[in-house]
Structures are given as C-alpha cells and as structure tokens.
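Colleague: I'm new to this one. Can we go through it together?
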Number of protein chains: 2
Amino acid sequence: MTEPLKIALAGLGTVGGGVIRLLEANAALIARRAGRPIEVVAVSARDRSKDRGVDLSRFRWVDDTGALAVLDGVDVVVELIGGADGPALALARNSIAAGRAFVTANKAMIAHHGLELAEAAERRGVALKYEAAVAGGIPVIKGLREGAAANELAHVYGILNGTCNYILSTMEAEGRDFAEVLAEAQALGFAEADPSFDIDGVDAAHKLSILASLAFGTRIDFDSVAVTGIRHVIAADIAEAAALGFKVRLLGYAETRPDGLFQRVHPHLVPVAHPLAHVSGSLNAVVAEGNFVGRLLFEGRGAGDGPTASAVVADLIDIARGEYGPAFAMPVSALADRPAADAGEGRGRAYLRFTVEDKVGVLAEIAAAMRDSNVSIESLIQRGVMPDGSVLVAIVTHDCPERCVTQALERLEGSPSIRGRPMLMHILD
Amino acid sequence: MTEPLKIALAGLGTVGGGVIRLLEANAALIARRAGRPIEVVAVSARDRSKDRGVDLSRFRWVDDTGALAVLDGVDVVVELIGGADGPALALARNSIAAGRAFVTANKAMIAHHGLELAEAAERRGVALKYEAAVAGGIPVIKGLREGAAANELAHVYGILNGTCNYILSTMEAEGRDFAEVLAEAQALGFAEADPSFDIDGVDAAHKLSILASLAFGTRIDFDSVAVTGIRHVIAADIAEAAALGFKVRLLGYAETRPDGLFQRVHPHLVPVAHPLAHVSGSLNAVVAEGNFVGRLLFEGRGAGDGPTASAVVADLIDIARGEYGPAFAMPVSALADRPAADAGEGRGRAYLRFTVEDKVGVLAEIAAAMRDSNVSIESLIQRGVMPDGSVLVAIVTHDCPERCVTQALERLEGSPSIRGRPMLMHILD
C-alpha cells in the first residue's frame, strides 16, 4: 500500500486552498497515518488566473470541472464547489458512476441528494464521504456513524451554524441588536453578503437532516425540517433570557417520536448549566444522547478553511486506509422511512415575548389567551416602557403541549394591543 | 456479510454485563448498522454461580478463561478482566496469535503492552481495538486516530478520571475537604475501596500515554508520565482558585516539545472560560489542538457499564464492518521513539499555596525565594488565621520557566515557618 492515493480537486475557493495547503504542510505525517501518500494530481475551478496563494503549477489543470469524473489515474474526486444541484451534483453522479471514490463538503447536496448518491456508491462499491459537510472540523459524522453506533439515540441536537452563533453571542456580550451585529459581521467577513442561508436557518437545517439520518437510521428528510432563523431575536430577548438563567442559541434539534421523525431549527433558550450555553462565537457543537452511552458532546470550529480541510482530509485518510463503508452507516435500503412528527404533539417549556402598547388590560388579554389555551405561566417579566413607548412582556411557560402555545398565539393574533409578531423560543430542558 | 460476528467474552463484571445487555437491547439496530448480527457465543469469568442480573444460559460457559483464545467459531475475543499483566495479557497474546480480533477496555494493559500487542496484530492481520480504554463512552480514540488524523497535534489534554473529577467538583460545590468527600464517594460506590489508582493519577496516566501516542505518532511511553494526584488539594485551594477565576481539575496533559515528549498528570487551575472548567461530576473530556482543525473537544461519560459497553460494541461494529487498521493509527514500526521532555524546560504560570506560621517575616521569606529564583508574582492572597493558627498564602506566578518555580520551592524546603509541603498546581493558559 505505498502507491499514493490520487486526488482530483474540484473547486479552489477557501476550502479548496485549505485542502491543498494541509496536504502539503502535513504530507509526511499524513503518509504515515494513511499508510501511503495522498497526492493531488488534478485541479479544476472557474478561473485559472485567480491568485489563490497556493502554487497550482504542480497539478494538472482541467478547464472542464465535469471532466474530473473520468480523468485517468484518479482514485478520489473531491468536490468543493457547493450548491445542491448543478455542476456539483453532476460531478458526484459521474465520478461515482466512473468508479471513483467521492468526498464532499457540500451539505446542501448531501441533504437533497445524499441517498441517491449513497445508493450509487454502494452499487459501484466506492466510498462516499462528507465529514466536512456538518460542523466543519468536528468529526461528528464519524462520531455518530461509528463512535455512537452501538446506541439507540434519543436525540441529536446542536449549534450547527457558526455565523448565527457568532451573531447571538456578540449580541449577548455587547447588548446590541441583530441588524447592527449582522452588518458588522458582514464587514468583518464572518457573514456572507447574502446571509439568508445562515441566519434563516437553512444551512443548519441541511446539517440537521444529515445528522438525524445517521443518529436514527432513517432516510434523510430535509423537507420536513421546520426552520426558523434568528432575524427576529432582539437584544431584549437575550437580556430577559439571561435574567431567567438561559442563553439564546440557534439549535438544530431532532428526535424520534412515536408519531415520526421530529426535526427543527429554531432559536432556543439553553440553561446556563448546559454545555451548549458555553459554546460561544463561531464554534459549533453537537450533542447526541444514546441509551447506553448517555450524553456525548462534540465541540470545535464549524467553518473556515483549516477546520473544513481537516475534515476533508480525514475522509481521504479513511479511504487511503480502506476503512470505509456505507455512507449513512447502513445500506440505503435499510434506512427507515419515517413520517414527519407533528410538532404540536411535542411538549416542553416555551419563552414568549410580546411587544405591547403601554395601556390598561394588555396583560389581562395575554394572560387570558394563555389560560384559555391551557398554558400555565411559570414566570412573567414586564419591564418599563421602551423609548418607542412600547412595553416588553416576556413569559416562560410551564411544560405543556406545543399545540397549546400555538393556540394561545393564534388567539392573540390581530390584537390591536400587540405590536409586531410575538417571539417564540423553545426551552432546552 | 450476513454471517454473525461471533464474540467470546472474558470477564463478567459491571462492564461485561453491560456489553451483554447492550448487545441484547440494541440487537436489531446493531445488525443494521454493522451489516450483520453481533453474537456472544461464549463467556468466561471467575465465578460461574454469581448472579449478574443477565441470563448467561444462552452462552457457552468456559471455565478456563485462557481457552477463549483458541475456541472454535470465535471471531473476536473481548477482554474485560483488567490488570496490566496476568490472565488479561496472556489472553490478548494468545487470541491474537490464534488469529482472533481482540477488543479490550484495559487501559493498564494497553499502556504497558499495547505496542507489543499491536505489532502482533499487524503480523497476524487481525484487529486490536481499545476505544473503551480511554474516557469510557467518548469516542476519543477514534477521534484522534481518524477524526483528527489530518492534523499535526500540538497538545492533547483532558479530564481523564471521573472519580477525581467527581471529588474535585464536590469539594468545589460544597466547600468540603478531600478526605471527607472521598469517604462519601466510597460509600456511594463512586470510588473504589482502594482508590489510589484513581486519586493518585495512575489511571489518568495510563489513558494519557495512549492518547499521546495517537496524537503525536509516538511510541507509548507510560513510564515517562509525571504523575501527581489530588490527595493534597484542600478546600482552601479550590476557594482561592475560584477567587482568582479558576476551577481545579486533575488534567492529563501531553505535548511535543523540541526536546521530546512531555506527559504529565497533575492538578491544574483551569480558567473558568475554558470548556474544561464546565466539566463537572464524573464526566470526562478530552481536548486536542491541531494545526488545521484548531481546538476539538470531546465530552461524555468516562466510566460505568453503559458508556464503557457502548465503546466496546462500537469497536465490534467497526470489526463487523471491516473498517479497521493499525491500532495506533500507523504501523508500530512507524511510531517515533521520542525521549521524555525535561519538565523544567516548560513555561507557564503556576499556583503555589503555602501553609505558614502566623509570624513576622514569613511572607518576606517566601517573596525572597521567588525573587532569587526569578519567579515574578502576578497575585498573592493571604487570608486570616485558620482555626489551627496557621495562615494560607496563595500565589499565582507570571509566566516563567518551570525550573524557576521548582528552585523557589527548593529554597523554601525545610523552612521552619512553612507547615507541611507547599501545593503546586499548573495553570492551563
């Protein structure tokens, strides 16, 4: 096994450059660990002339990215282009069809087409690996697929988007509002010019749907993830949460329930004693709870060239060692096809925040809506009048069915005393 | 691959019983994930008649544990007897020699004989796996061997002994002293009747030496681990540390230095903002810092039947899948043989606590010893007189060479003003 593992690399953005730098910087160590050298032999990207700070002259340049799929002398195609469909998907299908192992960091493509690709890889007997698609450098795909494989997992959840966590922890540390912190994050390059995939929770949902499949042995079902991002979290929510002993975090949360698979991305209140409350800045963390192992936590850097390259090359090392198998831990045909659970059937505590007029009877109206929906109130804080004349009312409910909370909010819909839409966050207990 | 993987199990204590219960409870799921059933076919333990709360009648009972090594129809021998040598080691050697895969939770045996066994397993082409030997249910062997394999790792450290962490966090929460909390932990079954392997740091040192080998690609060198346990930590140390913004944790800490491999188990002051400061009770956690991935943290339950069984069965699933390779990430012949680093060459901040006589000049004596050893003092706290008439002086030094701190302590040795031996803890920065 001293023959090098030969790589064709599609996409030379931040991560692609990171992979090239990593394979060069750690070449000797990787060869010892992998049992043989790992060598990039061909690369492809849109623009050949762009300066990427890495020397590409050693590699064969291929103008047509799609041609990497069938290039002679290539063992593994690494796709770092991105996008659920288009060139990335075509490259994946054609590489696997041509008998090449395939490694990707593309969460959108795996969330939408992972099962199709895994089936093709099984038929062709090649590896399909995607450690970098979820939580960047944290080996959580491996942690679930292998490390926790002996367990029936009850829940898997975590902080899956570094941009959102950076924004929320900055709001928390500095008492500032969302829009201001987002603008700053964009200026600093921590958030995309078009940030909606991150802040509206879609990126986290892609990752969650992949984790859920591995954790529960179910088919990936991205479409049934209920997604709410962080746009409507205000500084006062974070302050109220802090006063109540919580931090605000955007969590992806999945569990198996009697009526099906429950998957949701939503801002949550996390008790300060929970390890996820200490995950700040752009870090990611994933918790899995198994029936024998108990609670496992994996934490680290969820994005950036170095961490993502680390995960891509870990996949390559597994392939070089011949240590790989079904992409989703079992053959696709063995994955269970579970319906989406009805969120209303779930139970829990909730945080509700209303921005209301400063006038007589508003609190009574809210309290009545709660009572009439069978929602019992654990705590309620009403702070003094805001500069714009409105008043904030923050409520934590007792544990109750989610449908009751939804009903209470429906009852209050259209109330002339309530400004804007109420904020609902779930409490992680 | 629908032929079951057939297991012979040696040792039916807490963990052995856990493995049997786990394989039974999660049998269907494990068969899906492993690609085939995993079946215990034979068991052996000292006492056949003991009630273990599991039905053993389905399994072939073997009186002579050593005979499991050569039993017909066995694919994997699982050793849960314990002890670095003796029957466990004989079983390991003979099982591997007979061409059986071998899985163990035995940290002492791996720390002392892991390289010999790994070489034998390589020659014979069989798996040797030991996920359960370090940090119980946390897949940290896999995390280092595979997940972080693309990285040059600068440090690996963590909370590796749940008994010590339970004692320290109970001392912290309740302000009580070591001996009292230990006695209570023993009464509750959280500490062994003979607790010295745990509280003197030997158990953590076994685990650290294994982690260091995986992290750095070096030969296991248990003998060069410098080991200090937690016996001499007093409640006042924890209170002083808290006042300074630290928690006290027993850490195993390893790094590669220009002059060699540095490995130490010692009580440390951990800044409250560091994730290890939040690891309380009997939990374990391991941190690895890689040159591309940055800081990774793995946290979970480090002991107990369920978590340990989870790790043992994860190894079995890897074997059933055929996804395994060299036990220490590379052939034993490729592991570097590095000398032990000189601890004195290291730098850092230190916490020193003296119990002194309440009389004139003691502080000047201590301060002079520091000055004459070139140790600069960052902070010093002297509290009022204790009930026994002594006074506590707690010092945090600035960053300095460790040899200077050692010299300062040597200068003060035998001073009639200092009662007992000073406490030294390193600060994790």
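Colleague: How much area do domain 1 and domain 2 of chain A bury between them?
Modeller: About 1900 Å², with 64% of it on carbon and sulfur atoms. Buried area is the accessible area (1.4 Å probe) that two parts lose on being put together, summed over both. Mind that this is a predicted model: local features need pLDDT of at least 70, side-chain atom pairs count only at pLDDT 80 or more, and totals for chains, interfaces and linings use all residues. Residues are numbered from 1 along each chain as its sequence is written, chains are lettered from A in the order in which they are written, and side-chain values use heavy atoms, leaving out hydrogens and water.

Colleague: Where do the domains of chain A run?
Modeller: Domain 1 covers 5-137 + 307-334, domain 2 covers 140-301 and domain 3 covers 344-427. The bounds come from an automatic or database domain assignment.

Colleague: How many residues does each side give to the contact between domains 1 and 2 of chain A?
Modeller: Domain 1 gives 24 and domain 2 gives 19. Contact means heavy atoms within 4.5 Å.

Colleague: How many salt bridges cross that interface?
Modeller: The rule finds 2 between domain 1 and domain 2 of chain A. It takes a side-chain nitrogen of Lys or Arg within 4 Å of a carboxyl oxygen of Asp or Glu.

Colleague: Which residue does D318(A) pair with in a salt bridge?
Modeller: K142(A), with the closest N and O atoms 2.7 Å apart.

Colleague: New topic. How far apart are the centres of domains 1 and 2 of chain A?
Modeller: 26 Å, taken over C-alpha atoms.
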